[in-house]
Amino acid sequence: MRRTPCDWLLERDRDALPRLDAIRQTVLAPERATLVEAVVEAFRQDRAAWAAMACVWLVLAAAHFAVSPDNGSAPKWSVQLPDLAALTLSPDEAIPPLDRHS
Amino acid sequence: MSETLQELVQAARNNDESAWDRLFRDYQLRLFAYANGLTGDRQASFDIVQESFVRAVSHIRSLRDDARFGSWLFGIAHQRCMLHFRRTKREGALQEDQRDAQALEAEGPDPRDALLSAERAQSLYALVDRLPVPQRSALLLHVLGGFPLEEIARIAAVPVGTVKSRLHSAKRALRDMIERGDP
């Protein structure tokens, strides 16, 4: 059987077939390929944005733990807050009900 | 054959993974041979094939005629090859060969006949690799893809006359190299 020019040209690259099969299977495995590629791509393209967002979350987390009542000790700046008990009105200072006729 | 191809492409449009697998299996070696023949970079050629497959799956809606799936897929690979050349600063190799027009004068045997006359495969590879990139591209698309001039022109985004000129130049260059006993 006479070989065609195409056969001649393909002969050199025939040993690439196993790797080409692997590439084909990778491309056609959407669950594995797209998830990994999407995550990698998302982090690769906007690294600065991701880093900034991570810093914001770290600050928020630190603030959260600093003021959390479960923390055991009150935050240092809490002494500067006004005493809520002092703000409550005594019975003498109670505001009279509104006279709807006046 | 074309009906089967159209059925496969239609199934691929409906996200039929087995149809995609069959299509890619049919074209993968020819695509790789084209990329490797054009770039001479084996690793880059694997990347080009993979990128072409990914883009084919994601852009199948842009294919208007299912019967032209082959040339459409080669067109994607061709674009990736051109991108590779730009990335590797080899744009100079892509310049149009001004002598192409002169080759139109010389009518001769089909370049595939010249290739057939080559007795040793290694010699054939060496001869093809020595062609300028535009001529090599046209010749490889003609031989590997079996595409007519119009399809090659569409893939390479050049006029049909330019493709004809490049094929003639490739044929003449191959004939000259063979007659000189190169390589």
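Let's start with the fold of chain B, whose secondary structure comes to 10 helices and 0 strands, where helices (H or I, at least four residues) and strands (E, at least two) are DSSP runs numbered from the N terminus. Read from the N terminus on, the elements of chain B run α-α-α-α-α-α-α-α-α-α. This is a predicted model, in which local features need pLDDT of at least 70 and side-chain atom pairs count only at pLDDT 80 or more, while totals for chains, interfaces and linings use all residues. Residues are numbered from 1 along each chain as its sequence is written, and chains are lettered from A and ligands numbered from 1 in the order in which they are written.

Of the 183 residues of chain B, 40% count as buried; a residue is buried if 20 or more other C-beta atoms, placed from the backbone, lie within 10 Å of its own. Two residues are in contact if their C-beta atoms, placed from the backbone, lie within 7 Å. Among contacts in chain B between residues at least 6 apart in sequence, 71% join residues at least 24 apart.

Now look inside. The largest nonpolar core has 49 residues, and B:Leu31, B:Tyr34, B:Ala35, B:Leu73, B:Ala77 and B:Leu141 touch the most other members. Such a core is a set of buried Ala, Val, Leu, Ile, Met, Phe, Trp, Tyr and Cys residues joined through C-beta atoms within 7 Å. Helix 2 of chain B gives the most to this core, with 10 residues. Domain 1 (2–91) and domain 2 (95–180) of chain B both contribute residues, so the core lies between them; the domain bounds come from an automatic or database domain assignment. Leaving aside residues up to four places away in sequence, B:Leu31 touches B:Val49, B:Ser52, B:Leu73, B:Phe74 and B:Ala77.

Next, turn to the side of chain B that touches chain A. Here 26 residues of chain B are in contact with 16 residues of chain A. Helices 2, 3, 6, 7 and 8 of chain B each supply at least two residues of that side, and the largest share, 12 residues, comes from helix 2 of chain B.

Finally, helix 9 (residues 149–156) and helix 10 (residues 160–180) of chain B pack at an angle of about 105°, with their axes 8 Å apart. Axes are lines fitted to C-alpha atoms, for helices over the stretch in contact, and angles run from 0 to 180 degrees between N-to-C directions. That makes helix 9 of chain B roughly perpendicular to helix 10 of chain B, a term for angles of 65 to 115 degrees.

Notes
A residue is buried if 20 or more other C-beta atoms lie within 10 Å of its own, exposed if 12 or fewer, and partly exposed in between; C-beta atoms are placed from the backbone. Angles under 35 degrees count as roughly parallel, over 145 as roughly antiparallel, 65 to 115 as roughly perpendicular and the rest as oblique.
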